[in-house]
Amino acid sequence: MKKSSKNGLKKARGNNTKSVLIWAPLLVVISISLAVLWEDLNTTKTEKKLPIQTDKHPEYVLDFQAALKEREEQLKKYKHDLQTTGVERRSNLSLQEFWDLYDAKWPVIITDVVNTWPASKWTTEFFNLTYGNENVATSIVEGTTSEGFSVPLHGFIKYINYATPTSWMYVMDEVFIVSRPELHKQILPSIYTEEDFFKLFPKEIRPWDCMLLWGSAYSQSPLHIDPYNWTGTNAVIKGTKKWKLFPPGQDHLLYVIPEAMCGFPLECYKYNSPINTFAPDQTQYPLYNLATYIEVEQKAGEMLIIPTGWFHQVYNTEETLAISNQVMNRNNYRYVLKEILKAGNLLHKHLPDNFHNLSPKHQVRILMSLLPKRVLQEGEKRSQDYINSIKGQHST
Ligand SMILES: *[C@@H]1O[C@H](CO)[C@@H](O)[C@H](O)[C@H]1NC(C)=O
Ligand SMILES: *[C@@H]1O[C@H](CO)[C@@H](O)[C@H](O)[C@H]1NC(C)=O
Ligand SMILES: *[C@@H]1O[C@H](CO)[C@@H](O)[C@H](O)[C@H]1NC(C)=O
């Protein structure tokens with residue numbers, strides 16, 4: 001059914017979908033308060049200009065060809081007959097093998113982690129009953145517009161089955177789980193995410209763990225790279241996710257929006273593509289036809305690990321509940337640090353001369369200690385604003 005080219009990657013091609021429904025009844029029901037994070041989905045936002053930086057340390061940029069070569073080398077160590085044609089499903093995968101063959105190199109699906117989580121038993125009824133009256137940060141998409149709302153969870157649940165290809169909802173809430181310890185503790189640590197230098201970040205600017213992602217059918221993300229080029233994990237608890245994953249080095253084929261910033265207190269470049277790879281406009285984006293990608297369908301109980309540098313887009317083929325996380329470890333910390341420097345949070349020249357010879361943890365600590373105070377202050381304020389906006393209170 002699915003044709004693969006000889007290197008196991010598919011050539012980009014697509015079809016189109018049609019539109020229907022209106023969310024009018026829901027829009028009346030919900031309380032409206034705009035949150036900060038919906039930018040990712042909002043195609044009409046204006047982008048800020050970038051500061052110009054000189055690049056003294058090009059070695060801190062991901063070299064994907066070198067990564068692939070290393071993968072080939074490492075493969076000799078393992079008896080496992082590696083496929084190069086798609087995303088492998090692995091269980092009982094040792095941390096060393098994960099680092100050698102997948103991390104910062106190639107995506108992988110882990111099949112024996114999510115099922116050990118108490119969270120794997122979460123149901124709609126449980127959330128409705130326990131948290132129905134509490135607000136969640138939701139994106140509502142109507143045709144080409146997307147807006148962030150804070151809605152009572154029971155409202156979201158009530159309308160979840162009315163989605164159409166052009167009218168759908170997506171809970172993307174960064175604090176719902178972490179602010180509820182009884183939920184947070186149902187998501188267990190795994191060996192693949194244990195080493196995480198984000199833990200060394202001051203809490204004001206540390207990315208939140210365990211983002212709640214609960215999408216109606218048809219909900220999707222844009223084609224993007226995660227903030228700071230981190231390594232992403234996505235654990236599906238219920239439903240099915242279709243992924244398109246693009247090996248690094250194809251920015252020029254993906255019409256990456258130039259000079260875009262995330263707008264975070266700890267600033268980063270935002271690498272987003274305007275292409276909807278599930279219905280690409282080939283007249284507008286002719287070079288996209290030359291892009292290669294792998295496609296995979298992720299089921300409940302599976303965790304996908306998306307390596308640093310891979311553009312990805314997700315499409316929920318049915319109602320899907322998932323938890324995403326991020327990792328900064330020995331295999332990607334250079335790129336994360338590079339992205340932080342590149343975005344102008346501090347200057348290279350402020351780093352000590354021996355910086356690049358220090359241990360990874362040491363580098364992270366030093367860089368964090370050199371950040372201007374205002375970054376942390378702004379981080380603190382933004383977090384509070386975000387939490388308040390979900391609760392439906394405006395801080396200003
Ligand atoms: C991060 O990803 C973007 C998008 O592909 C790429 O242009 C950039 O070089 C990457 N950064 C690093 C430090 O590798
Ligand atoms: C898991 O892998 C280890 C070696 O890494 C092996 O000793 C063990 O038997 C494996 N367990 C299962 C259930 O396959
Ligand atoms: C959710 O809870 C509300 C009451 O708050 C109830 O009316 C509704 O039927 C429930 N929905 C589901 C899907 O359980």
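Me: At about what angle to β4 does helix α10 run?
Reply: In this predicted model, α10 (residues 373-391) lies across β4 (135-142), β5 and β6 (167-173). Helices (H or I, at least four residues) and strands (E, at least two) are DSSP runs, numbered from the N terminus. Contact means C-beta atoms, placed from the backbone, within 7 Å. With axes fitted to C-alpha atoms, for helices over the stretch in contact, and angles from 0 to 180 degrees between N-to-C directions, α10 runs to β4 at about 80°.

Me: What is the basis of the numbering, and what pLDDT do local features need?
Reply: Residues are numbered from 1 along each chain as its sequence is written, chains are lettered from A and ligands numbered from 1 in the order in which they are written. Side-chain atom pairs count only at pLDDT 80 or more, totals for chains, interfaces and linings use all residues, and local features need pLDDT of at least 70.

Me: Which strands stand at the edges of the sheet?
Reply: The open sheet has 9 strands, ordered β2-β3-β13-β9-β15-β7-β6-β4-β5, with mixed pairing. Strands pair if DSSP finds at least two bridges between them. Each edge strand has a single partner, so one side is left without a neighbour in the sheet: these are β2 (88-90) and β5 (145-152).

Me: Which helix gives the most to the shell around ligand 3?
Reply: The surrounding residues, with C-beta, placed from the backbone, within 6 Å, are Thr124, Glu125, Asn128, Gly132, His154 and Ile157. Both α4 (124-131) and α5 (153-159) supply at least two. With 3 residues, the top contributor is α4.

Methods: Two residues are in contact if their C-beta atoms, placed from the backbone, lie within 7 Å.
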